[in-house]
Amino acid sequence: MSAVSPMTDAKPIQTLPDAQTVTEVTHWTDRLFSFRVTRPRSLRFRSGEFVMIGLLGDNGKPLLRAYSIASPSWDEELEFYSIKVPDGPLTSKLQHIRPGDQIILRPKPVGTLVLDALLPGKRLWMLATGTGIAPFASLVRDPETYERYEQVIVMHTCRETAELEYGRKLIESLPDDPLIGEFVKGKLLYYPTTTRETSGHMGRITDNLSSGKVFADLGLPAMSAETDRAMVCGSMALNIDLKAVLEGFGLREGANSEPREYVVEKSFVGDGI
Ligand code: FAD
Ligand code: A2P
């Protein structure tokens, strides 16, 4: 793949505005990879937000998709965590990027998974399946998260252990991180589970919350609207089911314009729901 024209013999990408250079690529499984790119000087975003990124399509026009920024707002570069959809218009190509290649990044961050969309509380639950961990990879690295909450709990569920690895490695590195370590120590709890491969903790997030298993395992009281806040990021099916669970604990859905006890974002569109 050429550095300037990744997909075709179409117009070189650097003639477009919004081109950024890939600095690092890590492949986690045959379906998952992460990468870092240069950050536009002018880009300001709140940890947890998403932007549109992409490549030039075969027709020479930008082929863009929504991506959560996985790096925190203070980072000099931008990090993304991505699925590889075999016939996906963007990711069938994007999965082949290498350092030095360029991608398109529209610098207009938006999204509901931001601290400002929640009322103050004691505990913040980050609930993710699959690539839904991406916005939380940003928020767990933001000191403001720990300034606002006494405890932060990350529940991440995937079918298999290997799919948890990006989040696990990141979260396990935080206590020793020179920038964020002091904020994280004693405050961040991590509860990864698998559903289709045997591992230390098993089961769907919905089931582990409804049964009370996660509260018992972590030594926490059950969720309540007085103390607990939640952010949800997964498939449409997960989001719908988890909303019902959270409402059952008395939490209400919030938004940037009306902060409440929980917020939700899709980690992808599809599955006919
Ligand atoms: P598409 O045509 O976009 O998708 C084809 C099919 O692949 C979809 O119908 C769906 O069934 C499946 N699919 C797409 N994305 C995923 C996924 N992430 N996990 C599981 N199945 C999927 N994707 C990321 O990988 N990382 C992110 O941080 C991310 N953030 C997003 C934030 C928002 C708000 C939204 C709406 C989507 C986000 N996505 C993210 C999905 C992303 O926009 C694209 O759908 C994805 O990159 C695949 O693009 P594609 O063109 O290859 O295939
Ligand atoms: P399961 O293996 O029991 O379906 P997927 O790859 O299909 O997006 O799923 C990612 C993870 O999310 C899997 O562990 C899956 O569990 C879980 N999951 C999928 N749908 C739901 C849902 N509606 N409620 C809770 N967990 C879900």
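A residue is termed buried under 20% relative accessible area and exposed over 50%, with partly exposed in between (1.4 Å probe, protein chains only). The model is predicted, so that local features need pLDDT of at least 70 and side-chain atom pairs count only at pLDDT 80 or more, while totals for chains, interfaces and linings use all residues. Side-chain values use heavy atoms, with hydrogens and water left out.

**Helix 8**

Helices (H or I, at least four residues) and strands (E, at least two) are DSSP runs numbered from the N terminus. In helix 8, Leu238, Asn239, Leu242, Val245 and Leu246 are buried. Viewed down the axis of helix 8, these residues fall within an arc of 125° (taken from the directions from the axis to the C-beta atoms), so they line one face. An α-helix has 3.6 residues a turn, so residues three or four places apart point the same way. Ala244 and Gly248 are exposed on the face turned away from the buried side. The buried residues pack (heavy atoms within 4.5 Å) against strand 7 (123-129), helix 6 (205-210), strand 10 (228-234) and strand 11 (262-266). Gly250, with a positive phi near 95°, follows helix 8.

**Ligand 2**

Residues around ligand 2 (a heavy atom within 4 Å) include Thr129, Arg159, Arg204, Ala237 and Leu238. The table lists polar contacts, which are pairs of N or O atoms within 3.5 Å.

| Residue atom | Ligand 2 atom | Distance |
|---|---|---|
| Cys158, polar backbone atom | oxygen | 3.4 Å |
| Thr195, side-chain N or O atom | oxygen | 2.6 Å |
| Asp241, polar side-chain atom | nitrogen | 2.8 Å |

Taken alone, ligand 2 exposes 550 Å², of which the protein buries 81% (Shrake-Rupley method, 1.4 Å probe).

Conventions
Residues numbered from 1 in each chain as written. Chains lettered and ligands numbered in written order. Polar contact = N/O pair within 3.5 Å; in protein donor to acceptor, adjacent residues only side chain to side chain.
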